[in-house]
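Please read the following report with the sequence and the three-dimensional structure open beside it.

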Amino acid sequence: MLLKIAVCDDEEIHRLIIRDKLDTFAIYNDVDYELDEFCSSVELLGIKNQYDILFLDVQLENGVNSIEIGKQLVKDGLDTTIILTTSFEQYAAEGYHLHAHRYLLKPIRQDKFNEAILSSIDQFKRKNSKIMFKSGYEDCFVSIKNIIYIESYHRKRTIYTKERIYETGVSLNELLALLPAEQFEMPQKSYIVNLDYVTSITKTKVILNYATEIKLARDRMSTFNFKFQKFIKES
(Lines give C-alpha, C1' and ligand atoms only; values in the text may rest on other atoms or scores of the structure.)
Protein backbone atom coordinates (compact mmCIF):
# COMPACT_ATOMS: atom_id res chain seq x y z
CA MET A 1 0.00 0.00 0.00
CA LEU A 2 1.27 3.46 -0.94
CA LEU A 3 0.30 6.38 1.30
CA LYS A 4 0.59 9.93 0.01
CA ILE A 5 1.41 12.08 3.02
CA ALA A 6 2.11 15.75 3.66
CA VAL A 7 3.45 17.42 6.79
CA CYS A 8 3.23 21.15 7.50
CA ASP A 9 5.33 22.41 10.40
CA ASP A 10 7.49 25.54 10.59
CA GLU A 11 10.16 23.72 12.62
CA GLU A 12 12.45 21.40 10.68
CA ILE A 13 13.09 19.17 13.70
CA HIS A 14 9.39 18.30 13.95
CA ARG A 15 9.19 17.51 10.23
CA LEU A 16 12.18 15.18 10.69
CA ILE A 17 10.44 13.52 13.65
CA ILE A 18 7.36 12.83 11.51
CA ARG A 19 9.56 11.31 8.80
CA ASP A 20 11.36 9.15 11.36
CA LYS A 21 8.09 7.87 12.82
CA LEU A 22 6.75 7.20 9.32
CA ASP A 23 9.86 5.12 8.58
CA THR A 24 9.29 3.07 11.73
CA PHE A 25 5.60 2.62 10.96
CA ALA A 26 6.27 1.63 7.34
CA ILE A 27 8.82 -1.03 8.30
CA TYR A 28 6.55 -2.78 10.80
CA ASN A 29 3.34 -2.48 8.79
CA ASP A 30 4.61 -3.26 5.28
CA VAL A 31 3.50 -0.01 3.64
CA ASP A 32 5.23 2.50 1.37
CA TYR A 33 4.78 6.24 1.53
CA GLU A 34 5.57 9.44 -0.32
CA LEU A 35 6.10 12.54 1.81
CA ASP A 36 5.89 16.22 0.88
CA GLU A 37 7.00 18.80 3.43
CA PHE A 38 5.67 22.34 3.92
CA CYS A 39 7.11 24.84 6.38
CA SER A 40 4.83 27.89 6.22
CA SER A 41 1.23 29.02 5.90
CA VAL A 42 2.02 30.37 2.41
CA GLU A 43 3.24 26.95 1.27
CA LEU A 44 0.24 25.29 2.91
CA LEU A 45 -2.18 27.54 1.01
CA GLY A 46 -0.40 26.59 -2.20
CA ILE A 47 -1.06 22.85 -1.86
CA LYS A 48 -2.00 21.43 -5.26
CA ASN A 49 -1.84 17.67 -4.74
CA GLN A 50 -4.36 15.48 -2.94
CA TYR A 51 -2.99 13.55 0.02
CA ASP A 52 -4.18 10.59 2.04
CA ILE A 53 -2.96 12.22 5.26
CA LEU A 54 -1.90 15.73 6.22
CA PHE A 55 0.02 16.18 9.48
CA LEU A 56 -0.75 19.77 10.38
CA ASP A 57 0.96 21.71 13.15
CA VAL A 58 -1.55 24.04 14.81
CA GLN A 59 0.82 26.98 15.22
CA LEU A 60 2.91 27.94 12.21
CA GLU A 61 5.30 30.84 11.68
CA ASN A 62 4.64 34.03 13.66
CA GLY A 63 1.85 32.33 15.62
CA VAL A 64 -0.36 31.70 12.56
CA ASN A 65 -3.22 29.35 13.47
CA SER A 66 -3.26 26.72 10.73
CA ILE A 67 -6.75 25.46 11.62
CA GLU A 68 -8.39 28.38 9.81
CA ILE A 69 -6.16 27.74 6.80
CA GLY A 70 -7.03 24.05 6.93
CA LYS A 71 -10.75 24.84 6.93
CA GLN A 72 -10.30 27.03 3.86
CA LEU A 73 -8.37 24.28 2.05
CA VAL A 74 -11.09 21.72 2.81
CA LYS A 75 -13.74 24.19 1.66
CA ASP A 76 -11.77 24.64 -1.58
CA GLY A 77 -11.76 20.89 -2.20
CA LEU A 78 -8.71 19.44 -0.44
CA ASP A 79 -9.70 15.83 0.25
CA THR A 80 -7.42 14.51 2.97
CA THR A 81 -7.42 13.04 6.46
CA ILE A 82 -6.05 15.71 8.78
CA ILE A 83 -4.04 14.81 11.87
CA LEU A 84 -3.25 17.81 14.06
CA THR A 85 0.06 18.06 15.91
CA THR A 86 0.86 20.60 18.62
CA SER A 87 2.59 21.20 21.92
CA PHE A 88 -0.52 22.86 23.34
CA GLU A 89 -3.30 20.55 24.49
CA GLN A 90 -5.85 23.38 24.67
CA TYR A 91 -6.02 23.46 20.86
CA ALA A 92 -7.66 20.02 20.71
CA ALA A 93 -11.17 21.50 20.83
CA GLU A 94 -10.43 23.64 17.76
CA GLY A 95 -9.72 20.49 15.77
CA TYR A 96 -13.42 19.64 16.01
CA HIS A 97 -14.27 22.52 13.67
CA LEU A 98 -11.77 21.20 11.12
CA HIS A 99 -13.07 17.62 11.44
CA ALA A 100 -9.54 16.55 12.32
CA HIS A 101 -9.18 12.77 12.41
CA ARG A 102 -6.75 12.70 15.32
CA TYR A 103 -4.89 15.06 17.64
CA LEU A 104 -1.26 14.22 18.52
CA LEU A 105 0.44 16.00 21.36
CA LYS A 106 4.17 16.69 21.06
CA PRO A 107 6.43 14.95 21.85
CA ILE A 108 4.56 12.39 19.75
CA ARG A 109 4.59 8.82 21.02
CA GLN A 110 5.21 6.12 18.40
CA ASP A 111 2.25 4.01 19.57
CA LYS A 112 -0.13 7.00 19.30
CA PHE A 113 1.33 7.83 15.88
CA ASN A 114 0.85 4.25 14.66
CA GLU A 115 -2.73 4.15 15.94
CA ALA A 116 -3.56 7.36 14.08
CA ILE A 117 -2.17 6.02 10.80
CA LEU A 118 -3.90 2.64 11.14
CA SER A 119 -7.18 4.35 11.99
CA SER A 120 -6.79 6.55 8.91
CA ILE A 121 -6.18 3.51 6.69
CA ASP A 122 -9.29 1.84 8.10
CA GLN A 123 -11.25 5.00 7.33
CA PHE A 124 -9.94 5.01 3.73
CA LYS A 125 -11.14 1.44 3.22
CA ARG A 126 -14.61 2.17 4.57
CA LYS A 127 -15.02 5.38 2.61
CA ASN A 128 -13.72 3.92 -0.66
CA SER A 129 -16.28 1.12 -0.79
CA LYS A 130 -19.19 1.46 -3.23
CA ILE A 131 -22.93 0.87 -3.37
CA MET A 132 -24.89 -0.35 -6.40
CA PHE A 133 -28.37 0.75 -7.44
CA LYS A 134 -30.42 1.12 -10.61
CA SER A 135 -31.01 4.50 -12.20
CA GLY A 136 -33.41 3.97 -15.09
CA TYR A 137 -31.87 1.19 -17.18
CA GLU A 138 -28.38 1.86 -15.82
CA ASP A 139 -26.60 -0.07 -13.08
CA CYS A 140 -24.74 2.57 -11.07
CA PHE A 141 -21.75 1.98 -8.80
CA VAL A 142 -21.09 4.97 -6.55
CA SER A 143 -18.31 5.51 -4.01
CA ILE A 144 -19.79 5.98 -0.55
CA LYS A 145 -17.30 8.74 0.25
CA ASN A 146 -18.64 10.83 -2.64
CA ILE A 147 -22.30 10.74 -1.58
CA ILE A 148 -23.18 14.11 0.00
CA TYR A 149 -26.88 13.54 0.65
CA ILE A 150 -29.98 11.74 -0.62
CA GLU A 151 -33.39 13.33 -1.05
CA SER A 152 -36.71 11.52 -1.29
CA TYR A 153 -39.53 13.20 -3.23
CA HIS A 154 -42.68 11.34 -4.31
CA ARG A 155 -41.52 8.09 -5.91
CA LYS A 156 -37.97 9.18 -6.70
CA ARG A 157 -34.80 9.31 -4.66
CA THR A 158 -32.17 11.81 -5.78
CA ILE A 159 -28.58 10.99 -4.84
CA TYR A 160 -26.26 14.01 -4.79
CA THR A 161 -22.57 13.14 -5.16
CA LYS A 162 -19.41 15.16 -5.76
CA GLU A 163 -19.43 14.20 -9.46
CA ARG A 164 -23.07 14.02 -10.54
CA ILE A 165 -26.70 13.61 -9.52
CA TYR A 166 -28.54 10.28 -9.81
CA GLU A 167 -32.22 9.42 -9.69
CA THR A 168 -33.48 6.02 -8.58
CA GLY A 169 -36.67 4.28 -7.56
CA VAL A 170 -34.94 2.44 -4.72
CA SER A 171 -36.57 3.35 -1.40
CA LEU A 172 -34.87 5.59 1.13
CA ASN A 173 -34.78 2.78 3.69
CA GLU A 174 -33.17 0.41 1.19
CA LEU A 175 -30.49 2.98 0.40
CA LEU A 176 -29.90 3.66 4.09
CA ALA A 177 -29.36 -0.08 4.66
CA LEU A 178 -26.55 -0.04 2.04
CA LEU A 179 -24.66 2.76 3.79
CA PRO A 180 -22.37 2.61 6.87
CA ALA A 181 -24.65 3.32 9.85
CA GLU A 182 -21.97 5.30 11.69
CA GLN A 183 -21.50 7.72 8.76
CA PHE A 184 -25.06 8.41 7.52
CA GLU A 185 -28.09 9.76 9.37
CA MET A 186 -31.57 11.14 8.65
CA PRO A 187 -32.17 14.72 9.83
CA GLN A 188 -35.80 14.25 8.78
CA LYS A 189 -37.85 11.53 7.09
CA SER A 190 -37.07 12.67 3.51
CA TYR A 191 -33.28 12.97 3.68
CA ILE A 192 -30.13 10.97 4.38
CA VAL A 193 -26.93 12.97 4.88
CA ASN A 194 -23.28 11.98 4.92
CA LEU A 195 -21.97 13.23 8.26
CA ASP A 196 -18.56 13.74 6.70
CA TYR A 197 -19.97 16.74 4.80
CA VAL A 198 -21.72 18.39 7.74
CA THR A 199 -20.09 21.74 8.48
CA SER A 200 -22.55 23.08 11.07
CA ILE A 201 -25.80 22.30 12.87
CA THR A 202 -28.39 24.69 14.28
CA LYS A 203 -31.64 24.01 16.14
CA THR A 204 -33.54 23.92 12.86
CA LYS A 205 -31.14 22.90 10.09
CA VAL A 206 -28.08 20.96 9.01
CA ILE A 207 -25.57 22.71 6.73
CA LEU A 208 -23.52 20.64 4.29
CA ASN A 209 -20.30 21.94 2.72
CA TYR A 210 -21.00 25.44 4.06
CA ALA A 211 -23.89 25.87 1.57
CA THR A 212 -26.66 23.26 1.32
CA GLU A 213 -29.23 23.60 4.12
CA ILE A 214 -31.55 20.77 5.16
CA LYS A 215 -34.29 21.12 7.73
CA LEU A 216 -33.61 19.30 11.01
CA ALA A 217 -36.84 17.85 12.38
CA ARG A 218 -37.51 18.56 16.04
CA ASP A 219 -38.03 14.86 16.85
CA ARG A 220 -34.70 14.02 15.15
CA MET A 221 -32.60 16.75 16.76
CA SER A 222 -31.32 14.79 19.76
CA THR A 223 -30.57 11.60 17.81
CA PHE A 224 -28.88 13.48 14.96
CA ASN A 225 -26.67 15.54 17.26
CA PHE A 226 -25.65 12.48 19.28
CA LYS A 227 -24.80 10.56 16.09
CA PHE A 228 -22.76 13.46 14.72
CA GLN A 229 -20.79 13.93 17.96
CA LYS A 230 -20.02 10.20 18.01
CA PHE A 231 -18.94 10.29 14.36
CA ILE A 232 -16.58 13.20 15.00
CA LYS A 233 -14.95 11.48 17.97
CA GLU A 234 -14.45 8.16 16.17
CA SER A 235 -13.53 9.33 12.67
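## Basis of the description

This is a predicted model, in which local features need pLDDT of at least 70 and side-chain atom pairs count only at pLDDT 80 or more, while totals for chains, interfaces and linings use all residues. Residues are numbered from 1 along each chain as its sequence is written, and side-chain values use heavy atoms, with hydrogens and water left out.

Helices (H or I, at least four residues) and strands (E, at least two residues) are DSSP runs numbered from the N terminus. Two strands are taken to pair if DSSP finds at least two bridges between them.

E1 is joined in parallel fashion to strand E2 (residues 32-38) by 7 bridges, and Leu-2 has Asp-32 as its bridge partner in E2.

## The crossing of H1 and H5

The axes of helix H1 (residues 12-29) and helix H5 (residues 110-127) come within 10 Å and cross at roughly 65 degrees; axes are lines fitted to C-alpha atoms, for helices over the stretch in contact, and angles run from 0 to 180 degrees between N-to-C directions. The crossing of H1 past H5 is right-handed, which is to say that the near helix is turned clockwise from the far one by less than a right angle, anticlockwise being left-handed.

On the H1 side, Ile-18, Lys-21, Leu-22, Thr-24, Phe-25 and Asn-29 meet Gln-110, Phe-113, Asn-114, Ile-117, Leu-118 and Ile-121 of H5, contact being defined as heavy atoms within 4.5 Å. By class, this contact has 7 nonpolar, 4 polar and 1 charged residues, where Ala, Val, Leu, Ile, Met, Phe, Trp, Tyr, Cys and Pro count as nonpolar, Asp, Glu, Lys and Arg as charged, and the others, Gly among them, as polar.

## The five-stranded sheet

An open sheet of 5 strands with antiparallel pairing has the order E10-E9-E8-E12-E11. Its edge strands, each pairing on one side only, are E10 (165-168) and E11 (184-188), and neighbouring strands are turned by 20 degrees against each other on average, direction ignored. H7 packs on this sheet, touching E11 and strand E12 (191-194), and the direction of H7 makes about 155 degrees with that of E11.

Strand E8 (residues 147-153) has 5 of its 7 residues buried, so E8 is largely enclosed by the rest of the structure. E8 is joined to E9 by 6 antiparallel bridges, with Ile-147 partnered by Thr-161, and the two strands form a hairpin with 2 residues between them, where His-154 in the turn has a positive phi of about 55 degrees. E8 is also joined to E12, by 3 antiparallel bridges, and Glu-151 stands opposite Tyr-191 there. Strand E9 (residues 156-161) in turn pairs with E10 over 4 antiparallel bridges, Arg-157 standing opposite Thr-168.

Strand E14 (residues 205-208) is joined to E15 by 4 bridges, and Val-206 has Ile-214 as its bridge partner.

## The loop residue Ala-217

Ala-217 lies in the loop between E15 and H7 and is buried, with a relative accessible area of 17%. The C-alpha atoms of Ala-217 and Gln-188, 29 residues apart along the chain, are separated by 5.2 Å. Leaving aside neighbours within four places in sequence, Ala-217 is in contact with Pro-187 and Gln-188.

Notes:
Buried means under 20% relative accessible area, exposed over 50%, partly exposed in between (1.4 Å probe, protein chains only).
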